[in-house]
Amino acid sequence: DGFRWLRNGVLLGGHSEPRFTPTRHDAGARLSCRQTVTYPPPLNVTVAATSPPRTVRGAAGAPASSTVLQLTA
């Protein structure tokens, strides 16, 4: 269970926290977050939901400090 971040629909390895701060390499990419929760007995069910993607503004190659978007799941 937990959070997984996606860039353009592809899972970002190593990013499993509820917050993600894009870098300059994410400029122009569409980021979203998938959260998975498992409910214990008697339900015994796992559900997942993915947020709508948000486009990271800024020109590719811009300094990371110019990216002001911080995403929270």
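The dialogue below goes through confidence, strand pairing, the core and a charged pair.

Mentor: Begin with confidence, since this is a predicted model. The mean pLDDT of the chain is 85, and 79% of its residues reach 70 or more.

Trainee: Now the strands. How many bridges join S4 to S5, and in which sense do the two run?

Mentor: Strand S4 (residues 30–39) and strand S5 (residues 45–50) run antiparallel and are joined by six bridges. To follow the pairing, pick a residue and look for its partner: Gln35 is bridged to Ala49 in S5. Five residues lie between the strands of this hairpin, and Asn44 takes a positive phi near 50° there.

Trainee: What does S1 pair with?

Mentor: S1 pairs with S4 over six bridges, in the antiparallel sense. S1 is also joined to strand S2 (residues 10–11) by two bridges, again antiparallel. Leu6 shows both pairings: it stands opposite Ser32 in S4 and opposite Leu11 in S2. In the hairpin of S1 and S2, with two residues between the strands, Asn8 has a positive phi near 55°.

Trainee: Which residues make up the largest nonpolar core?

Mentor: That core has seven residues: Phe3, Trp5, Leu12, Phe20, Leu31, Cys33 and Val56. Strand S1 (2–7) and S4 are the elements that give two or more residues to it.

Trainee: And charged side chains: how should I read those?

Mentor: Side chains of opposite charge can pair when their charged atoms come close. Here the count comes to one salt bridge. Arg7 forms it with Asp26, and the closest N and O atoms are 2.7 Å apart.

Trainee: Which parts of the chain does the pair tie together?

Mentor: Arg7 lies in strand S1 and Asp26 in the loop between strand S3 (19–20) and S4, so the pair ties together parts that are 19 residues apart in sequence.

Trainee: Is Asp26 buried or exposed?

Mentor: Asp26 has a relative accessible area of 1%, so it counts as buried; the cut-off is under 20%. Arg7, at 30% relative accessibility, counts as partly exposed.

Terms used
Residues are numbered from 1 along each chain as its sequence is written. This is a predicted model: local features need pLDDT of at least 70, side-chain atom pairs count only at pLDDT 80 or more; totals for chains, interfaces and linings use all residues. Side-chain values use heavy atoms; hydrogens and water are left out. Two strands pair if DSSP finds at least two bridges between them. Helices (H or I, at least four residues) and strands (E, at least two) are DSSP runs, numbered from the N terminus. A nonpolar core is a set of buried Ala, Val, Leu, Ile, Met, Phe, Trp, Tyr and Cys residues joined through side-chain atoms within 4.5 Å. Buried means under 20% relative accessible area, exposed over 50%, partly exposed in between (1.4 Å probe, protein chains only). pLDDT is the predictor's confidence in each residue, from 0 to 100. A salt bridge is a side-chain nitrogen of Lys or Arg within 4 Å of a carboxyl oxygen of Asp or Glu.
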